[in-house]
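Thanks for coming, everyone. Let me put the model on the screen, and then we'll walk through it.

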Amino acid sequence: MSSGRGIFSLYDSSPDSLLNLCMDYIVANLNIITKLDPTSRWRKLKDDIILPAEICEKFLQTYQKKNRINDNIANLFRDRSRTRLDRVKLRNSRITDEGLRCFMDHKPCDVELVQCEYLSQASLDLINCNSDNLVSLKFGPLTYVVSQDESIFRQRRYIIDAPKLRRLTIQCRGLSIFPLLLLKPLHNLTHLDLSEYTSTGSTWAMYELKNLKSLVLHSVLWSKEIIEWIASMRTLRHLDISQSNERHGKYFSPNDVLSKLVTSLPNLESLDISGTNLAGTGCAVPALTEGTSEGSETHVRCDIPGLVSRVNRPLEFLGLYGTHHGACKRHDIPAKVITGDANEEQILTAGVAYMERPAMLTRVLNDLYYMFRSTERYNSYVGRALCVVLEAMEQHVSEKHIQISGSATLFYIVKGKEKAHIGIKLKRRIITALLDGMDAHLGDDTMMRNGCLTLCQFKIPTDVLFEYERVVQILLTGVADVNQEGFVQRIAIYLLNSLACQVDGKQKRFLGNHGAIVKMLNLISDRLERHVCDDVLEVAWSTMWNVTDETPQNCQRFLENRGMEFFLACLKSFPDKEELLRNMMGLLGNVAEVAELRPQLMDKQFLTVFHDLLDSSSDGIEVSYNAAGVLAHMASDGPEAWTVDEPARDAVLQRIAAAVERWDRRAERNINYRSFEPILSLLHAHHTPQCQHWAVWALANLTTVYPDKYCGLVEAEGGLKLLRCLLRHPGPYPMIKDLAWVVINNCAKYASRDLNSPPPGSPDN
């Protein structure tokens, strides 16, 4: 009953181990160690590759974090001279009997098959034929390898033939097992788990299990025969007769049943009666001890009548989660560790104990959710709670309710006081768990809402760059349905906008390639049809502004999908919406920077709009600035490229110069440049100095107001050299050259300050 990963450090930002890094890389790039067989088309190891057991097992573990094992992967292990497996642990795999054969030919000692739904009953024969070393065998849910036809097994008088087997787990909901046949040859068995199966008749006469130490019959309907059989196993140390459905946990004479079991099992250390009425009604019962040294009897109190005999010898573990009459909340309980919902300790213990039981685990996660939602006093439990929640979400990706409860709990944990201190490793594990859950349940609004809200607690895009492509694909699904005018759509589009900002061209192209532009235009079309100007409309334009930044392919997509038509429609329908206008003009500024696309903007209607917006005071100078930028880039192609009569090119250039002269050079800006390359390209337009005027003003403004951010960028991109060339050229008029000197001086001051200031944290002389 311990978590596989254990408690981890919240603050760990150390790099991953070299082994893990190498294994992640190999899994992502299988061609490094494998090749495709040209005949069979199966993947196999390259001829010079030999892998020891430790590496083989690590590969399987790592591969399953991102993918489902199939027969093609299993085929890598067909050659036993170059691979070795002692442990085969498969979860949610797609392997068939043929794939399992590749694994079982290694004669492993430990086999786990959980949710391997493509295996048939023939797999059982494969296991039996390769059971020489088998010590532990587990069939998890959705792994149907045991036939329900008892006659098949009666003739050979066994189901599983593994003489050395010590641990056997068969967790198949509703499956009927024939215990007498099942256990006939398994005399060395010490641990048996037959959770959730249906007993048949009186086949509980399995008295030959003389070495059994652990028996788990979770969610098995009780009967008198079962109780008698259990009571006969005097070697038992752990007994679990819990129920996930409390209606099935009602025993007749519960106090007598529990007392009989406990007194019959002298070695019992661990007992789970969760979901049953075996703890009684809660009335304290005085218990007589065997007597004191003086011969007198003493009375002790025990709030669970059936455990009176253990008052002086408490159980190491007692499961009371969901017991009738709230047994876990009682005071006098003869056990050292208890599961329940009475306090934080009991809830977290239950989370670890019931990790393999989705129904109970969902309830535990709900308890954790209410625990962290209601108060901030649980900071000391954050590490343990995260361990439980993440383990649950990682193990049960297909269980929707676990994903919903887990993601809701994660939201309250990561928005708490420890948020700023969570290390990189843990951040990535949280984000990956969220994305796995969202990916598996894209159609569920609650899961998508929880996931998006929790992602918002991280630094976007920085914290999610390692999963950037998957985040984008999930969020694009969230905004795809224009009719879903709900919270998920709103928060998904906000996240997409953040993901499109401050990332490089590769990621912006990925957004465009996966339909970001088209989906934004669909949202805009929907708002125009309904004549609604809301935050979704504004953020859709903002997202496209970010996605088209220095990304010609996305600018082309905008034009090809009626983007200019939607621009004019929004301008007509919502002329007074300042933020909307700023976002639209910012986008068109990006389009105008692409020389190949400028001819598509050379339209009388478009140019008239840009021309009129030069005098706009909307959103400070931003709309006027972007309109001037669009026109400056179009004019930079020369007089011959200006193919419309109205507005006249000369009139437009005069209005550009007049607008630039009006702007305050010290105005703070609502804009972000990753590169000055489009602006610097205008410095070559000596045939049209007004283009240079706009460009040099932009540089002067940004290096004056934001020297730390932009002075270094000007120098790094060769801007100072171009400005000095401009100063030597006779073409630019004096105002342009004055602004050029402003930029040069701003950069010189910044460089001088950089040299004279000691670096942060340097020692004093």
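Where is the place of Gln115? Gln115 sits in the loop between strand 4 and helix 5. Keep in mind that this is a predicted model. I start with Gln115 for its backbone. Its phi is positive, about 55°, although Gln115 is not a glycine. Buried or exposed? Gln115 has a relative accessible area of 14%, so it is buried.

The side chain of Glu117 meets that of Arg68 in a salt bridge, 3.7 Å from N to O. Arg68 has 23% relative accessibility, and Glu117 has 43%.

Now to helix 2 itself. Glu57 lies in helix 2 (residues 53-66) and Arg87 in strand 3 (residues 87-91). These two form a salt bridge, with the closest N and O atoms 4.0 Å apart. That pair ties together parts 30 residues apart in sequence. Look at the accessibility on each side. Glu57 is buried, at 19%. Under 20% counts as buried, so Glu57 falls within that class. Arg87, at 41%, counts as partly exposed.

Next, Asp86. Which residue does the side chain of Asp86 meet in a salt bridge? The partner is Arg84, at 3.3 Å from N to O. Asp86 is partly exposed at 24%. Arg84 is partly exposed as well, at 48%.

How many salt bridges does a search of the whole structure find? The search finds 39. Some residues join up into a network. Arg490, Asp526, Arg527, Arg530, Asp534 and Asp535 are linked in this way.

There is also charge on the surface to show you. Arg166, Arg167, Lys213 and Arg237 gather there in a patch of positive charge. Take Lys213 from that patch. Lys213 lies in the loop between strand 7 (191-193) and strand 8 (214-216). At 32% relative accessibility, Lys213 counts as partly exposed.

On to the aromatics. How many aromatic pairs does the structure hold? There are 18. One of them is Trp541 with Phe558. The geometry is edge-to-face: 6.0 Å centre to centre, with 70° between the planes. Trp541 is in helix 20 (residues 535-547) and Phe558 is in helix 21 (residues 552-560), so the pair ties together parts 17 residues apart in sequence. Trp541 and Phe558 are both buried.

A second pair is Tyr625 with Trp694. This one is tilted, at 5.2 Å centre to centre and 40° between the planes. Tyr625 belongs to helix 26 (residues 622-635) and Trp694 to helix 29 (residues 689-705), so here the parts tied together are 69 residues apart in sequence. Tyr625 is buried, with a relative accessible area of 0%. Trp694 is buried too, at 3%.

Rings also form a cluster. Ring pairs link Phe59, Tyr63, Phe77 and Phe103.

Back to the backbone. Go to the loop between helix 20 and helix 21, where Glu550 is found. Glu550 has a positive phi of about 50°, and it is not a glycine. Glu550 is partly exposed, at 31% relative accessibility.

Two cis peptide bonds to point out. Ile460 and Pro461 are joined by one, with omega about 10°. Pro461 is in the loop between helix 15 (445-455) and helix 16. The peptide bond from Glu646 to Pro647 is also cis, with omega near -5°. Pro647 is in the loop between helix 26 and helix 27 (649-662).

Last stop, helix 16. Gly478 is found in this helix, which covers residues 468-480. Is Gly478 buried or exposed? Gly478 counts as buried, at 4% relative accessibility.

Technical notes. Residues are numbered from 1 along each chain as its sequence is written. This is a predicted model: local features need pLDDT of at least 70, side-chain atom pairs count only at pLDDT 80 or more; totals for chains, interfaces and linings use all residues. Side-chain values use heavy atoms; hydrogens and water are left out. Patches are made of residues with over 30% relative accessible area and no salt bridge: like charges are joined within 9 Å, nonpolar side chains (Val, Leu, Ile, Met, Phe, Trp, Tyr) within 5 Å. Accessible areas come from the Shrake-Rupley method with a 1.4 Å probe; for residues, only the protein chains shown count as cover. Lys and Arg count as positive and Asp and Glu as negative; His and the chain ends are not counted. The place of a charge is taken as NZ of Lys, CZ of Arg, CG of Asp or CD of Glu. Helices (H or I, at least four residues) and strands (E, at least two) are DSSP runs, numbered from the N terminus. Buried means under 20% relative accessible area, exposed over 50%, partly exposed in between (1.4 Å probe, protein chains only). Rings of Phe, Tyr and Trp (its six-membered ring) pair if their centres lie within 6.5 Å; planes under 30 degrees apart count as stacked, over 60 as edge-to-face and the rest as tilted.
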